[in-house]
Amino acid sequence: MTEPDAVPSENSHRSDGGSAEKPQKPRGRRILSGIAIGVPVTVVVLVAGLFAATAVLDIPSPPTLARLLTDAPSGQGLLYPARPVAASPDPRPFPVVAAPLPDTVPWKGTQISVTDFLETTNTNAFLVLRDGVLTHEWYRDGIEPTTQMASWSMAKSVVSLMIGRAIEAGKLSEDDRLVDILPELATGGEYDAVTVRNLLDMTSGIDVSENYNPYFPLTGTARMYLSQDLGEFVRDHRGLRFPPGIEGEYRSVDTQLLGQVLAEVEGTSLTELLQRDIWAPVGAQDAATWNLDRDGGQEKAFCCINATARDFAKIGQLVLDGGVAHGTQVVPPAWIARITSPSPHQVSSWGYSAQWWHPAGGDGRDLSAIGVYGQFIYVDPGTGTVIVKLSDHGAEQDEQETFDAMRAIADFR
């Protein structure tokens, strides 16, 4: 019997009268069969190639890279290894006394409601404290007070507070050269002149661009963010754009180096320092995490503390209260003076000092930790106000306008 797919050909019988040749499948079906086999094979080869490429580049696997393009920035801490930060053994919730906010705030030449301000800037959490009292707390749907959200570069300001403690303890000096603490980074050139002060004030000149573009992830800060070996990354990036100390230019690599310096002089991880020296004494209510470059590796010092809005607010209150938390001097007064006084070189046209920003305008006294995608711990000593705003807004988008709105809220009585 002939197979259903077979079609007799003109030469289905031999000319010598021998037995019939084996029936042939139609050519079109053979081509389709080849495609059906070839497509999965090609996909497998491409996927294998992608996995091999990410392994060679020492960056996360393709599924993780794909999620970076789709997951909200606030939750990307879940994509990376992390060390846990325990809640304080003596958690101290803020006292709560509700108070009204202004009806409107300034926004790009007009006035809009606070609700519109929060929606326009894709806010996830918004807290207002006045003189240590929580007067306003808002979360978008799906976010709870216990939801951990990514700090992004607000972590830089936390690293600064721990640096201040190390300096007060005599373990470190702002005049120390980077390569005297981490001699494996010595080049014999101008790089060796970089000091802790240069790193703190973003005047190192180290040539690692501030690139956050997820579609071009293999250069600058985006590449550092993906790196699974930050020690190797900083060794591979020791070129300078300008001699250290002559101008300010924002560079996340400066904070990564500060983190490595801090871990070296303290003899422990940044996570342990955060838990012991900051989280516990301020009375953090919830656990947090700090992302690592790889399992068991080192912290991404320039970003990536994942914590609740309430506990980020405790960092702001600590600064507002002169480094004191619940009667304990947690951060030295000299360091609070350091971060609240802009350094000589501006960064991106704003004042900057030891990893804390001094935005243009206002009375010149307010300062803030800032993270990309709209993260703020805003501190206004003049009104005794701390505002925490955690968002999924655009990279470096509407920051001055956001400060104008937060100043209006701080000034409202």
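Author: Buried here means under 20% relative accessible area, exposed means over 50%, and partly exposed lies in between, computed with a 1.4 Å probe on protein chains only. This is a predicted model, in which local features need pLDDT of at least 70 and side-chain atom pairs count only at pLDDT 80 or more, whereas totals for chains, interfaces and linings use all residues. Residues are numbered from 1 along each chain as its sequence is written, and side-chain values use heavy atoms, with hydrogens and water left out.

Reader: Okay, how many disulfides does the count come to?
Author: The count comes to one disulfide, a term that stands for a pair of cysteine sulfur atoms within 2.5 Å. Cys303 and Cys304 form it, with their sulfur atoms 1.9 Å apart.

Reader: And are Cys303 and Cys304 buried or exposed?
Author: Cys303 and Cys304 are both buried, and their link is left-handed, with -70° about the S-S bond.

Reader: Switching to strands, which one runs antiparallel to S1?
Author: Strand S1 (residues 82–85) runs antiparallel to S7, and four bridges join them; strands (E, at least two residues) and helices (H or I, at least four) are DSSP runs numbered from the N terminus, and two strands pair if DSSP finds at least two bridges between them. Within that pairing, Arg83 stands opposite Trp290 in S7. S7 is also joined by two bridges to strand S8 (residues 305–307), again antiparallel, with Asn306 in S8 as the bridge partner of Thr289.

Reader: Now the packing: which residues have the most contacts inside the largest nonpolar core?
Author: Leu161 and Ile278 have the most contacts inside that core, which has 86 residues; a nonpolar core is a set of buried Ala, Val, Leu, Ile, Met, Phe, Trp, Tyr and Cys residues joined through side-chain atoms within 4.5 Å. Helix H4 (residues 154–168) gives the most to this core, with eight residues.

Reader: What does Leu161 touch?
Author: Counting contact as heavy atoms within 4.5 Å, and leaving out residues up to four places away in sequence, Leu161 touches Ile278, Ile315, Leu318, Val319, Val331, Trp335, Ile339 and Trp356.

Reader: Ile315 sits in H11, so how many of the residues of H11 are buried?
Author: Eleven of the twelve residues of H11 are buried, including Lys314, Ile315, Leu318 and Val319. H11 (residues 309–320) reaches 17 Å from its first C-alpha to its last, close to the 16 Å expected, where the expected span is 1.5 Å times one less than the number of residues. Just after H11, Gly322 takes a positive phi of about 70°.

Reader: Last topic, charges: how many salt bridges are there?
Author: The count comes to 19 salt bridges, each being a side-chain nitrogen of Lys or Arg within 4 Å of a carboxyl oxygen of Asp or Glu. One of them joins Arg407 and Asp366, whose closest N and O atoms are 2.6 Å apart.

Reader: Where do Arg407 and Asp366 sit?
Author: Arg407 is in helix H13 (residues 399–411) and Asp366 is in the loop between strand S12 (356–358) and strand S13 (367–371), 41 residues apart. Arg407 counts as buried at 9% relative accessibility, and Asp366 counts as buried at 2%.
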